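The entries follow in the order I looked things up.

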Amino acid sequence: MKNRITQLFDIQYPIIQGGMIWASGWRLVSAVSNSGGLGLLGSGSMSSEILREHIRKCKLHTNKPFGVNVPIMYENSANTIQVILEEKVPIVFTSAGNPKTWTSTLQKEGIKVAHVVSSAKFALKAQEAGVDAIVAEGFEAGGHNGREETTTLALIPSVREQINIPLIAAGGIATGQAIFAVMALGAEGVQIGSRFVATHQCEMHENFKREVVRAKEGDTILTLKELSPVRMLKNKFFDQITNLYQLGKATPESLKELIGKGRTKKGMFEGDLDEGILEIGQVASIINDIKSVEEVFQELLIDFKKIQKQMSQFQID
């Protein structure tokens with residue numbers, strides 16, 4: 001499969017793994033890249049020293065392109081960029097911040113830059129900032145996403161109409177059929193997070209992976225809009241958040257105090273299913289097993305080809 005995304009990143013398939021905090025270490029990233037996609041390290045959960053270690057391990061375990069996801073709003077983002085430049089990482093996906101902050105700095109060193117947005121307005125701003133590609137992430141996505149609550153199927157055609165650079169769809173994509181659908185709407189690639197969480201190579205705790213597989217429709221909720229919207233599985237800690245809202249006390253200050261530090265690590269990396277934050281997308285409800293990255297790729301490609309063949313039979317007279 002060749003298009004602008006595969007050519008831009010020099011990959012076989014236009015399938016990009018989300019750079020998820022506490023999930024996207026070198027094992028997952030190198031496995032995705034070796035399977036023909038683009039693996040992204042989740043630098044948001046890494047110190048400079050740990051990021052450098054993961055970059056070097058990726059280089060040892062794959063000779064294919066890989067990249068780093070950089071949440072710009074994080075306090076250590078400047079240090080993260082410095083490590084990326086020193087280690088000559090070829091691709092960076094930026095998110096959660098102004099794309100003008102680092103795009104030109106990275107591109108001067110030959111690094112390809114994509115930026116994650118949740119609206120057509122911010123897609124235009126990212127294009128004006130000179131990024132090489134846009135990731136448009138819908139409301140279904142896990143982790144932090146937009147306040148607009150625009151779903152992927154509504155977002156992709158809206159962004160496609162506004163920009164002329166390569167477009168990657170994200171949010172609610174875990175099957176070959178979904179890949180086909182967003183490409184029909186104008187995307188040239190996909191970014192997949194939740195499906196890669198439920199893989200053997202993912203860094204997440206096995207408790208959390210099993211909870212993802214058990215998730216049913218309606219088990220994830222978007223909350224914490226006063227801070228940064230995040231979609232999470234319902235658990236005891238989620239009930240504490242809900243209680244603050246019910247009491248009319250969900251101010252940014254009170255929410256920050258309740259969350260404290262390390263909630264995401266506690267839930268997803270350490271496996272505390274009661275007191276941790278459990279970030280995952282709505283699509284968890286159709287993820288029914290934990291597989292290897294290689295098996296996930298095989299399933300995605302088989303299903304894509306199957307729906308492609310089925311759709312070719314439809315004709316309008």
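Entry one, a serine. I found serine 47 in the loop between strand 2 (39–42) and helix 3 (48–61). Helices (H or I, at least four residues) and strands (E, at least two) are DSSP runs, numbered from the N terminus. I noted serine 47 as partly exposed because its relative accessibility is 31%; buried means under 20% relative accessible area, exposed over 50%, and partly exposed in between (1.4 Å probe, protein chains only). I also looked up serine 228, which is 181 residues from serine 47 along the chain, with 22 Å between their C-alpha atoms.

Entry two, the source. The model is predicted, local features need pLDDT of at least 70, side-chain atom pairs count only at pLDDT 80 or more, and totals for chains, interfaces and linings use all residues. Residues are numbered from 1 along each chain as its sequence is written, and side-chain values use heavy atoms, leaving out hydrogens and water.

I read the order 1-9-8-6-5-4-3-2 for an open sheet of eight strands with parallel pairing; two strands pair if DSSP finds at least two bridges between them. Strand 1 (15–17) and strand 2 are the edge strands, each pairing on one side only. From one strand to the next, the twist averages 25°. Axes are lines fitted to C-alpha atoms, for helices over the stretch in contact, and angles run from 0 to 180 degrees between N-to-C directions.

Four parallel bridges join strand 6 (residues 133–137) and strand 8 (residues 167–170). Alanine 136 has alanine 169 in strand 8 as its bridge partner.
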